[in-house]
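Here is a briefing on one structure, grouped by topic. Please keep the sequence and the 3D view at hand.

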Amino acid sequence: MQEDFRLIVDLVAVFAVAACGGLLAALLRQPVLLGYLIGGMVVGPAGLGLIKEVIQVETLAQFGVAFLLFALGVEFSFTELKKVQNIALGGGGLQIALTILVTVAVCGVTGAWETLPAKGLFLGAILSLSSTAVVLKCLMERNETETPHGQVMLGILIVQDLALGLMLAVLPALNQPGEAIGIAVLLALLKIGLFAGGAVVAGIWLIPPLLQLLARTESRELFLLGVVALCLGIALLTEYLGLSIEMGAFVAGLMISEVEYSDQTLSYVEPLRDIFASLFFASIGMLIDPVFLWNNLELILGLVALVFVGKVSIITPLVRLFRYPLKTALIAGFGLAQIGEFSFVLASEGQKLGLVSRRIYLLTLGTTAVTLVLTPFVLRSVPILFEWMESIPWLKHFLNDEGQPLEVTKELSLKDHLVVCGYGRVGRNLVKLLLSRELPVVVIDQSETRIQQLRDAGIPYVYGNCVSFHVLETAGVSTARGMAIALPDPMSTRLCLKRALELSPDLNVVVRATNDKSIEVLYQLGASEVVQPEFEASLEMVAYILTQVGLSPALVVQQQMQQIRNSHYLDLRPTRTASEVSRDLQQATQDLNKRWYPLPSDSPLIGMTLEEADMRYLTGVSLMAIRRAGGEEIDFPSVETKLQEGDRLLVVGSDSELAALGEFAKGQVAVPGENSACQWVTISNDSFTVSKTLADLDIYNQYGVKVQAMRRDGKFIRFPNNSTDLQARDQVLVCGSLVAVNQLVLLLAPETTVPLPIPAVKAGEADALKEFLPMDSLLD
């Protein structure tokens with residue numbers, strides 16, 4: 001009885017230190033897993049020695065492994081895997097194989113041939129796994145689960161989780177003598193095949209009716225008891241077959257993952273999983289010797305560096321091999337460079353089987369723990385790293401190469417059409433409504449599954465990344481009537497909007513905001529309208545209620561709802577402090593090329609409103625914030641905000657656009673006024689100026705109009721020289737007198753209707769323009 005009471009005391013102590021350690025880690029914005037490990041170290045034999053019944057605690061901790069893998073199997077989604085099946089199956093499988101091969105080679109080079117291949121295969125399996133929990137948490141915090149790099153990382157992680165079951169099954173075979181390893185592995189694979197076949201049959205014919213029967217009882221206790229019995233029963237069966245408890249638990253979860261009651265099962269099991277998982281990781285911490293870690297700190301840090309460099313060097317080229325941009329490949333490489341928490345499970349099994357010594361085991365635990373701690377810092381630092389790399393001209397070319405479209409519909413309408421970016425649930429509904437009005441639509445998406453849906457429906461598409469200049473140009477953004485961005489992640493949405501407006505500054509763009517923090521950012525970047533789905537649902541529900549119960553006339557209700565929309569949903573958004581707004585703004589602009597620009601003291605912009613300056617239209621930059629001389633910061637300034645002396649402007653844009661802002665702010669580019677104007681003009685295909693150089697046209701000397709800048713193929717050309725020829729679809733910034741600019745617009749783009757008023761023509765101006773323009777009656 002005394003021993004039983006001692007075990008209870010030990011369990012209470014372990015849970016208490018795990019809770020304290022997890023709380024401390026959470027407050028320090030670290031994975032709670034680290035807190036569990038540290039808590040176990042503190043009370044373990046190598047720490048304060050408070051735990052006496054270590055073996056019994058470790059035995060109970062095995063439930064933690066079983067429930068962890070069971071829940072992982074239930075959460076496993078073959079549907080999600082199918083979305084990124086190429087990079088997941090191909091890239092993930094190759095990554096695991098290459099990591100194991102490299103580890104075997106390193107073991108050979110370091111003189112461990114006598115233990116090969118068992119030791120190399122075992123260590124390679126440990127190193128090949130990354131942390132699903134830590135990476136997923138970091139991606140969710142940054143709303144990046146639907147980004148290209150987020151999808152790549154999650155796809156590879158899914159395959160790693162699936163491979164874990166295979167590793168646990170094959171691991172016991174590695175303990176066989178060298179000449180018998182091959183036979184043992186084959187026997188293990190045969191057992192896995194037979195067991196998998198039985199699991200498939202049970203998953204189709206036995207599990208669904210069993211869960212349905214348990215659900216009909218409407219008893220939470222009975223349902224949970226039945227699921228736990230199923231999980232542990234299959235786990236014991238695999239242990240009896242010579243595989244492992246972990247393998248059985250994972251397969252049990254897979255059998256339920258595609259069943260109707262999978263979500264209910266997961267919600268019931270999660271509390272058990274979390275409790276016993278904390279016990280498992282704390283028990284792992286009890287095995288870590290802090291004195292050993294301190295004495296081998298340099299070696300562990302060296303191993304951490306080796307792991308990071310090695311995994312980045314393996315994953316980055318593999319992702320690039322599957323035709324993803326270099327930037328996406330690098331982010332995925334850094335994001336998956338850690339060793340995963342399930343490597344603790346493999347390491348523990350490996351030590352039991354005698355595949356590694358205790359020293360190697362402790363080094364593995366220490367290296368894994370450090371990589372898990374570093375991962376959040378690495379993922380937060382990646383945008384800063386890319387911002388620095390993109391400041392280097394020869395690196396920027398490679399990082400901004402998002403690639404050409406992978407596929408394009410044969411017949412693509414590229415005039416007066418509508419471009420829809422993203423064919424998810426929102427994008428699909430948009431396209432359906434637009435087509436019902438017989439409007440020409442071009443859809444951009446980079447999901448093979450969605451592209452196949454577009455093929456089957458006969459909808460014009462461009463298969464590629466929406467943030468790519470090449471893809472946007474192929475979709476005809478420059479000649480489109482409008483554009484809708486329905487992407488699920490904020491980073492791609494911001495980049496897509498910015499680059500679309502670089503190609504077509506006047507384009508009407510409506511954007512879906514994924515959260516309320518993105519609304520003002522998108523408006524500042526130039527969106528014509530920003531729609532937040534949750535707020536829109538609230539407005540429509542309120543409008544229905546007010547109208548149907550007769551509390552207010554329908555017209556008045558609609559006017560009130562529109563006022564809320566016009567105020568950017570301010571009535572519905574939570575109140576935020578100035579510091580919170582500033583922090584969110586800094587985070588939102590991390591993926592954009594931003595700079596604080598000091599406004600020159602003699603700038604002609606001083607005293608002008610932002611509407612009058614029109615910096616985004618004339619230079620391409622977007623103004624996100626103003627910092628006054630007195631320290632006041634205006635985040636997301638309105639168009640009525642006046643620029644003052646001493647202002648510092650937070651602007652985003654390409655390097656050439658930022659350079660154009662510098663010239664614009666110094667008065668080196670004409671500023672719109674009473675007698676002058678600047679306007680972007682798109683060269684029409686039928687303009688006679690096509691293929692002529694600026695020297696041939698001699699616009700300035702004859703008519704007093706300057707060509708200040710050009711946009712061609714998404715590139716900003718500041719002050720093109722006289723040898724520059726004009727091409728169809730070029731965008732030209734012309735500045736001069738109001739009359740001359742208006743008439744030159746008709747010359748360069750004959751189909752354009754000039755909206756600006758035409759004042760009286762000065763002497764000599766009309767004669768010069770008559771010679772230049774195709775219509776003599778234009779100035780009569």
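**Ser 343 and the model**

Ser 343 counts as buried (under 20% relative accessible area, against over 50% for exposed and in between for partly exposed, with a 1.4 Å probe and protein chains only), because its relative accessibility is 1%. Ser 343 lies in helix H17, residues 343-352. Helices (H or I, at least four residues) and strands (E, at least two) are DSSP runs, numbered from the N terminus. Leaving out residues up to four places away in sequence, Ser 343 touches Ile 126 and Leu 129; contact means heavy atoms within 4.5 Å.

This is a predicted model: local features need pLDDT of at least 70, side-chain atom pairs count only at pLDDT 80 or more, and totals for chains, interfaces and linings use all residues. Residues are numbered from 1 along each chain as its sequence is written, and side-chain values use heavy atoms, with hydrogens and water left out.

**Helix pair H11 and H13**

- Helix H11 (residues 220-240) and helix H13 (residues 262-286) cross at roughly 80 degrees, and their axes come within 10 Å.
- Axes are lines fitted to C-alpha atoms, for helices over the stretch in contact; angles run from 0 to 180 degrees between N-to-C directions.
- H11 and H13 are therefore roughly perpendicular to each other.
- The cut-offs are under 35 degrees for roughly parallel, over 145 for roughly antiparallel and 65 to 115 for roughly perpendicular, with the rest oblique.
- H11 contributes Arg 220, Phe 223, Leu 224, Val 227 and Val 228 to the contact. H13 contributes Gln 264, Thr 265, Ser 267, Tyr 268, Val 269 and Leu 272.
- The residues of this contact of H11 with H13 divide into seven nonpolar, three polar and one charged.
- Ala, Val, Leu, Ile, Met, Phe, Trp, Tyr, Cys and Pro count as nonpolar, Asp, Glu, Lys and Arg as charged, and the others, Gly among them, as polar.

**Helix pair H5 and H15**

- Helix H5 (residues 85-109) packs with helix H15 (residues 297-321) at an angle of about 150 degrees, with the axes 10 Å apart.
- H5 and H15 are therefore roughly antiparallel to each other.
- On the H5 side, the contact is made by Ile 87, Gly 91, Leu 94, Gln 95, Leu 98, Thr 99 and Val 102. On the H15 side, Lys 311, Ile 314, Ile 315, Leu 318 and Val 319 take part.
- The contact of H5 with H15 holds eight nonpolar residues, three polar and one charged.

**Seven-stranded sheet**

- Seven strands form an open sheet in the order S1-S4-S3-S2-S5-S6-S7, with mixed pairing. Two strands pair if DSSP finds at least two bridges between them.
- Strand S1 (407-408) and strand S7 (529-531) are the edge strands, and each pairs on one side only.
- Strand S5 (residues 482-485) runs parallel to S6, joined by three bridges. Ala 484 stands opposite Val 510 in S6.
- Strand S6 (residues 509-512) also runs parallel to S7, again with three bridges. Glu 529 in S7 is the bridge partner of Val 510.
- In a regular strand, side chains alternate between the two faces of the sheet.
- In S6, Val 509 and Val 511 make up the covered face, while Val 510 and Arg 512 make up the uncovered one.

- Four strands form an open sheet in the order S8-S11-S9-S10, with antiparallel pairing.
- Strand S8 (594-598) and strand S10 (633-635) stand at the edges with a single partner strand each, so one side of each is left without a neighbour in the sheet.
- Neighbouring strands of this sheet are turned by 25 degrees against each other on average, direction ignored.
- Helix H30 (residues 655-665) packs on the sheet and touches S8 and S11. The direction of H30 makes about 10 degrees with that of S8.
- Strand S9 (residues 622-627) and strand S11 (residues 648-652) run antiparallel, joined by five bridges. Ala 625 stands opposite Leu 650 in S11.
- Gln 586 is found in helix H27 (residues 578-588). At 23% relative accessibility, Gln 586 counts as partly exposed.
- Neighbours within four places in sequence aside, Gln 586 is in contact with Lys 594, Trp 596 and Leu 650.
- Gln 586 and Ala 625 are 39 residues apart in sequence, and 9.9 Å apart in space, C-alpha to C-alpha.

**Thr 689**

- Thr 689 sits in the loop between strand S12 (677-682) and helix H31 (694-697).
- Thr 689 is buried, with a relative accessible area of 0%.
- Residues up to four places away in sequence aside, Thr 689 touches Ile 683, Leu 697, Leu 726, Leu 747 and Leu 748.
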